[in-house]
Amino acid sequence: MNKIGIIGAGSMAEALINGLINENQVDKEAVIASDISDQRREVMTDKYGIEIVADNHKVVTESDYIFLAVKPQVIGDVIEEVADLFTTEQKVISIAAGVSTEQLEEMISAKVPVVRIMPNTPALVQEGVLAYSLGRQATEEFGRELEDLLSPVGKVIKVKEALMPAVTGLSGSGPAYVALILEALVAGGVKLGLSHSDSKDLAIQTLAGTAKLAAESDEHLAVLRDQVTSPGGTTAEALYRLEKSGIRSGLIEAVAASAEKAQEL
Ligand SMILES: NC(=O)C1=CN([C@@H]2O[C@H](COP(=O)(O)OP(=O)(O)OC[C@H]3O[C@@H](n4cnc5c(N)ncnc54)[C@H](OP(=O)(O)O)[C@@H]3O)[C@@H](O)[C@H]2O)C=CC1
Ligand SMILES: O=C(O)[C@@H]1CCC=N1
């Protein structure tokens with residue numbers, strides 16, 4: 001069995017670990033992670049029973065797949081710390097936003113295959129989506145292995161590396177935009193007298209149901225919107241207010257701003 005090592009056991013690493021273990025994709029004995037935070041190590045041991053250590057070297061020397069799951073600002077230091085330990089039989093997967101496979105390959109220097117992925121937090125409940133792109137030494141076969149490994153945590157798609165910032169802006173950061181929209185819908189319901197709990201149920205199911213409808217329909221999204229909008233009715237009134245508030249351009253700008261920021265990290 002291939003051993004999976006993860007350096008940095010924060011939110012995104014946890015979402016991946018939880019999804020992989022819950023779906024029985026990997027045994028917890030086959031996972032080793034490291035983190036500098038005592039508190040994080042304690043939480044992850046208690047929750048998942050995986051081996052979690054303070055020593056990044058141990059993760060690299062004991063693993064076949066090595067996930068780099070620290071913040072982009074510290075990934076250089078982390079790689080420098082363990083760079084001498086990599087062997088050509090190992091495979092590196094970076095989840096850091098804005099760090100290219102070329103930069104990773106330069107930092108690692110050994111001829112280790114490198115793949116970059118951009119996951120998102122719904123991986124925690126096996127409903128994530130992630131895109132990956134291959135570095136120069138990574139084969140298509142490595143890509144397929146990765147698709148097999150990670151498919152239990154969500155949908156996996158391959159993209160050209162130049163599109164990774166766009167993926168970051170759309171689906172990487174996307175759960176935050178959706179949570180904000182949900183919060184606002186709940187606030188709208190509460191303002192009109194619905195309980196917080198009923199508002200939350202109504203908002204979440206509306207979003208989940210619409211997403212399912214969109215996923216299962218061949219129609220353009222505008223057609224789905226039109227099906228709700230009776231001439232002279234309530235939805236037309238609401239959509240007019242939304243368009244006037246700039247929600248559409250706001251969301252387009254949000255995706256672009258996240259993508260731009262990813263390139264500055
Ligand atoms: N969160 C998300 O939705 C997504 C995140 N990403 C990417 O995932 C990566 C991790 O993000 P996220 O999980 O949110 O961040 P977190 O801060 O939650 O996780 C990173 C963890 O790494 C630890 N850490 C810091 N330095 C070291 C080190 N030298 N050695 C070992 N562990 C270390 C941190 O400890 P401490 O807190 O004490 O510094 C922290 O526990 C980032 O590169 C981000 O771009 C990608 C897609 C989505
Ligand atoms: O906010 C961030 O920088 C990370 C990358 C994508 C989602 N979260």
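Me: Which helices each supply at least two residues of the shell around ligand 1?
Reply: α1 (11-22) and α4 (72-82) do. Helices here are DSSP runs of H or I with at least four residues, strands are runs of E with at least two, and both are numbered from the N terminus. Keep in mind that this is a predicted model, where local features need pLDDT of at least 70, side-chain atom pairs count only at pLDDT 80 or more, and totals for chains, interfaces and linings use all residues. Residues are numbered from 1 along each chain as its sequence is written, while chains are lettered from A and ligands numbered from 1 in the order in which they are written.

Me: Ok, and which residues come nearest to ligand 1?
Reply: G8, G10, M12, A96 and A97, out of 27 residues around ligand 1. A residue is near a molecule if its C-beta atom, placed from the backbone, lies within 6 Å of it.

Me: How does that shell divide into nonpolar, polar and charged?
Reply: The ligand 1 shell has 15 nonpolar, 9 polar and 3 charged residues. Nonpolar means Ala, Val, Leu, Ile, Met, Phe, Trp, Tyr, Cys and Pro, charged means Asp, Glu, Lys and Arg, and the others, Gly among them, are polar.

Me: What surrounds ligand 2?
Reply: A97, T168, G172 and S173. That shell splits into 1 nonpolar, 3 polar and no charged.

Me: Switching topic: what does the domain assignment give?
Reply: Domain 1 (4-161) and domain 2 (174-264), with bounds from an automatic or database domain assignment. Their centres, taken over C-alpha atoms, are separated by 32 Å.

Me: How many residues of domain 1 are in contact with domain 2?
Reply: 5, and they meet 4 residues of domain 2. Contact means C-beta atoms, placed from the backbone, within 7 Å. The domain 1 side of that divides into 2 nonpolar, 3 polar and no charged.

Me: Now the core. Which residues touch the most other members of the largest nonpolar core?
Reply: I6, A13, A33, F67, L68 and A69, in a core of 59 residues. α1 gives the most to this core, with 6 residues. A nonpolar core is a set of buried Ala, Val, Leu, Ile, Met, Phe, Trp, Tyr and Cys residues joined through C-beta atoms within 7 Å. Buried means 20 or more other C-beta atoms within 10 Å of a residue's own, exposed means 12 or fewer, and partly exposed is in between, with C-beta atoms placed from the backbone.

Me: What is A33 in contact with?
Reply: Leaving aside neighbours within four places in sequence, A33 contacts I6, A9, A13, M44, I50, I52 and V59.

Methods
Contact = placed C-beta atoms within 7 Å.
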